[in-house]
Every structure is written in structure tokens, then in C-alpha cells.
Amino acid sequence: MRATPQHFLVIIFISYMLSCTPAAAQPERRRKPNVIVLLADDLGWSDTQCYGSSYYKTPNIDALARGGMRFTNAYSSCTVCSPSRASLLTGKNPARLHLTDWITGYQRPFAKLVPPAWSPFLAQEELTIAEVLKEQNYVTAMIGKWHLGDDVKYYPEHQGFDGNIGGTFQGSPPSYFSPYRNARLSDGPKGEYLTDRLTSEAITFIRREQENPFFLYLSFYAVHTPLQAKGAEIALYRDKVDPASPQQNPVYAAMVHNLDQNIGRLHQVIKQLGLSRNTLIVFTSDNGGLVRGNDWAKGRITSNEPLRGGKGTPYEGGTRVPLICSWEGRIKAGSLSKEPVVGADLFPTIAAVAGAAPSRLPIDGISLIPILEGKPQTRRPALFWHYPHYHSEGATPYSAIRKGDWKLIYSFEDESSELYNLLKDPGEKNNLSAQEKRRTAALYNELIVWQKELGAQLPARNPAYDSTKAKQGGGAQKRAVKDTGTLDDKE
């Protein structure tokens with residue numbers, strides 16, 4: 001059939017209508033995938049319903065898990081936050097970075113050991129995943145907690161991020177309600193809640209950059225202390241406390257609830273904009289849940305049961321964390337992985353998603369892409385942790401290795417080892433080091449080799465050791481801060 005002028009008019013009209021169609025109705029354009037990392041602070045492994053909580057309600061996090069892959073053996077790179085965050089951003093183990101404690105760390109002047117002269121900042125020379133993605137023409141944004149150096153020169157805007165909202169030296173917010181006293185976050189209306197505000201800023205960024213490949217690092221301050229929540233959300237949990245449950249704090253429950261609601265808000269925007277099939281969403285935490293904290297009078301904050309311990313301890317409750325990866329059409333909905341993985345793996349995973357090859361090696365993480373795509377995965381030799389410091393929640397200087405189902409914890413104070421079979425004993429109740437002497441020795445030797453390969457800094461004997469004074473503990477170190485605001489000594 002011969003084309004007529006009317007045919008050309010119809011074609012022009014259809015083309016015009018398609019160009020005016022809202023983004024949610026258009027087929028998604030072929031371009032580099034977006035990446036969103038949602039990092040909770042101090043959220044424990046069992047603090048969501050999909051990981052076993054019967055008290056906290058997390059329908060939106062659970063929906064994210066149903067739409068993607070949930071990892072049951074995911075770990076943070078350290079039992080405290082700053083080293084874990086540095087590891088996530090660089091793909092390197094904290095021992096390799098020499099950034100092994102939270103900033104600013106604790107002083108224990110009369111303890112048996114003296115911690116090494118570790119790095120209290122993420123050096124600008126380190127290559128971050130934001131810098132890798134910038135080279136791939138991504139727009140990058142850091143919103144929320146940073147805590148990787150007291151000096152402004154170590155802030156996100158100098159580490160590959162185009163924008164920084166809320167990221168400073170602060171390890172915890174002076175207040176969850178405006179005014180925030182944050183040099184990188186303007187105050188909102190009086191009473192505005194911090195988690196709501198950070199999520200709104202993230203949504204604004206997504207809407208603004210929806211036509212460009214973007215990397216969003218939304219690093220919530222929640223659910224870190226101080227425990228502060230909205231009255232209406234606290235009321236939802238106050239009358240639902242079960243005395244038999246290990247999780248009983250209604251204020252903490254309200255903070256988890258609010259975090260979940262905001263993750264739902266953000267996820268809904270991704271769907272509305274038609275970005276779901278071109279966006280990898282990662283949800284995790286920087287370390288295990290804080291069980292008690294500094295204010296013992298207020299009782300337990302959360303519980304990581306059936307895991308032992310919590311933040312600031314060498315046990316599973318200190319380092320095992322939730323990890324959910326969702327990408328519509330690319331990751332099988334409702335899938336589950338039991339493979340041991342660690343926070344450092346996110347760097348090479350995100351780089352692979354962006355089609356980038358990091359230019360500065362070595363890194364210690366491995367790409368999770370084969371796991372996410374359901375392909376056979378070559379097992380890594382082992383996972384390692386190194387924390388040559390003291391922590392108020394119970395850690396003394398230690399190193400640890402997980403190989404297969406076995407985990408060895410080596411204490412530098414008394415040069416002793418603990419050995420656990422995590423498959424049979426995930427709660428680490430039965431120390432098998434005496435029964436499994438050969439395995440203990442083999443894992444210890446492997447740990448020593450690893451320490452040497454990474455140049456791990458070791459604690460030293462303390463000439464000022466005083467057993468009586470050592471029991472009194474110590475406090476957080478003070479550092480000069482070259483920014484406005486008040487130094488918060490709570491990690």
C-alpha cells in the first residue's frame with residue numbers, strides 16, 4: 001500500500017504522544033543500571049520480621065526480600081561502624097586499611113594491651129565505589145551518616161560524591177528531631193523527624209536524576225542511639241510487649257518501624273518512576289544490633305537471639321547482619337542464599353553492575369553477581385575479622401576467621417582461642433577448641449598468615465597495665481574537629 005500524507009500525519013502524532021507519555025508508562029531505556037545502597041545503623045540480624053522478629057513490624061523490608069534475594073549468612077566487616085563503612089566503600093578489609101575502630105575509639109589506659117596507631121579516617125588516596133562510578137558517568141549522592149573522619153577534608157564530597165546531605169564527623173545524631181545540629185543538613189520545621197527528612201532528600205535526588213544513571217548511598221542514622229521516636233509510633237508497640245520475648249523496647253521498635261516505613265516510601269517512588277527493572281537496591285546494616293549501650297538503667301535495647309552477643313563483641317551477634325538485594329527481572333523474587341558474604345563484597349558487586357573494573361587493587365571483597373543470578377559460585381577460602389581494640393560492649397582485642405561452618409576467635413589478651421561450629425551451634429554456646437585441637441591450630445595458623453599478608457596492625461603489651469584500674473574502663477578519645485557542631489563521643 002502506498003503511503004499517503006495522512007499516514008505521515010498519524011506517524012508524527014504517535015511519535016509526539018509517546019514523547020509525552022509519563023516515565024512510568026514508557027519502556028525503560030537501555031542505560032547503565034542505577035544502584036541504591038540502604039544502610040541501617042546498628043540494625044541487628046534478627047531485627048526484622050523476615051529475619052525472625054515477632055515484635056518489630058517491617059512489612060516494607062519484608063516486601064523487598066520477597067522481591068529479591070535474602071542472605072542468611074551476611075556479615076559486616078567489623079563489629080563497629082566506621083571500619084565497616086570504610087570496607088563497604090572500598091572493598092578492602094579494615095585490617096588492610098588500618099582503619100579498625102570507630103572514630104574516635106575508646107581509651108583503656110590501664111588495660112593489658114595498647115591498641116595500634118590505627119587510622120582515624122578514610123584516606124583520600126583510597127578508591128571508593130563512588131569514585132569508580134563517577135568514572136562511569138554516574139551521578140552520586142551520599143545522604144545521612146558518614147563518620148569516616150573528623151576533618152572536613154575526609155567528608156563525602158572529597159571521596160567521589162557529587163552531593164552530601166547530613167554526612168559529617170558525627171557517629172550519632174545529637175537529636176532525631178529538628179533542630180539537628182548538623183553542618184551538612186539544614187534544620188527542618190520544629191519536630192521534623194530525621195529519618196523522614198533523609199528519605200525525602202533521597203526521593204528528591206531520585207526524581208531529579210531519574211534520566212541519568214545514579215548511585216545513591218542512603219546511610220540512615222537510625223536505629224543508632226539516642227533512642228528517640230515519634231510518640232504515635234511508640235504507642236503502636238508499647239502495649240504489645242511480650243515479657244517472654246528477648247525484644248521488648250517499644251522506643252527501639254518504633255525507630256525500626258519508622259525506618260521500614262521510609263524504605264517503603266522510597267521503594268514506591270522507584271516503582272512509580274518506572275525504574276524498578278533498571279535499579280539494584282541493596283539493604284543491609286553496618287554491624288550487629290546494640291544490646292545494651294551505655295545507659296544500663298534503661299535496660300536492653302534489642303536482642304540478636306538466637307545469635308550470641310551484639311555490637312562491640314566478637315560473636316555472631318556483633319557481625320552478622322541482614323542483607324537483601326532486589327532488582328526486578330534480574331534477581332529471582334523470593335530467593336535465598338546461605339553463602340557467607342561480607343560488606344566488602346558490595347564494592348566489586350556494584351562495580352560489576354556498572355560495567356567498571358576497579359583500577360586500584362588489591363581489594364578483599366568478591367562480586368556477588370553470580371550468586372544474585374543463581375549461578376554456581378566458587379567458595380572463597382574464608383572470611384576474616386580483625387579488631388585490635390577494646391569496646392565498651394565487651395570486645396577485647398581479637399581476630400577471627402570463618403571457614404566453612406567453623407569459626408575461630410583468637411583473643412590477644414590471653415592468647416586463647418574459641419572454636420565454634422556455626423551450622424550446629426549458631427549461638428556459639430559450645431567452645432570446641434579443646435576437642436578439636438588440630439582444627440583450632442590449623443585455623444589459627446591461617447589467621448596468622450592472613451594478618452601478615454594484609455599488614456594487620458597488632459596490639460602491644462601495656463607497660464602501664466593495672467588490673468585494678470583496668471576494671472574501671474575508660475572513655476572515648478577526644479579529637480579536634482574542624483567543623484561546626486559538637487563532637488559526639490558515642491559510636
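## Overall fold

Of the contacts in the chain with a separation of 6 or more, 69% are between residues 24 or more positions apart, a contact being heavy atoms within 4.5 Å. The chain has 13 helices and 18 strands; these are DSSP runs numbered from the N terminus, helices being H or I with at least four residues and strands E with at least two.

The model is predicted, so local features need pLDDT of at least 70 and side-chain atom pairs count only at pLDDT 80 or more, while totals for chains, interfaces and linings use all residues. Residues are numbered from 1 along each chain as its sequence is written, and side-chain values use heavy atoms, leaving out hydrogens and water.

## Burial

Of the 491 residues, 58% count as buried, meaning under 20% relative accessible area with a 1.4 Å probe, protein chains only.

## Aromatic pairs

The chain holds 18 aromatic pairs, where rings of Phe, Tyr and Trp (its six-membered ring) have centres within 6.5 Å; planes under 30 degrees apart are stacked, over 60 edge-to-face and the rest tilted. Tyr55 and Tyr56 form a tilted pair, 5.6 Å centre to centre with 40° between the planes.

Trp102 and Tyr106 pair edge-to-face, at 5.0 Å centre to centre and 70° between the planes. Trp102 has a relative accessible area of 0%, and Tyr106 one of 13%.

## Charges over rings

Arg70 has its charged end over the ring of Tyr51, 5.0 Å from the centre. This requires NZ of Lys or CZ of Arg within 6 Å of the ring centre and within 35 degrees of the ring normal. Arg330 lies over the face of Trp327, 4.2 Å from the ring centre.

Definitions and conventions:
Buried means under 20% relative accessible area, exposed over 50%, partly exposed in between (1.4 Å probe, protein chains only).
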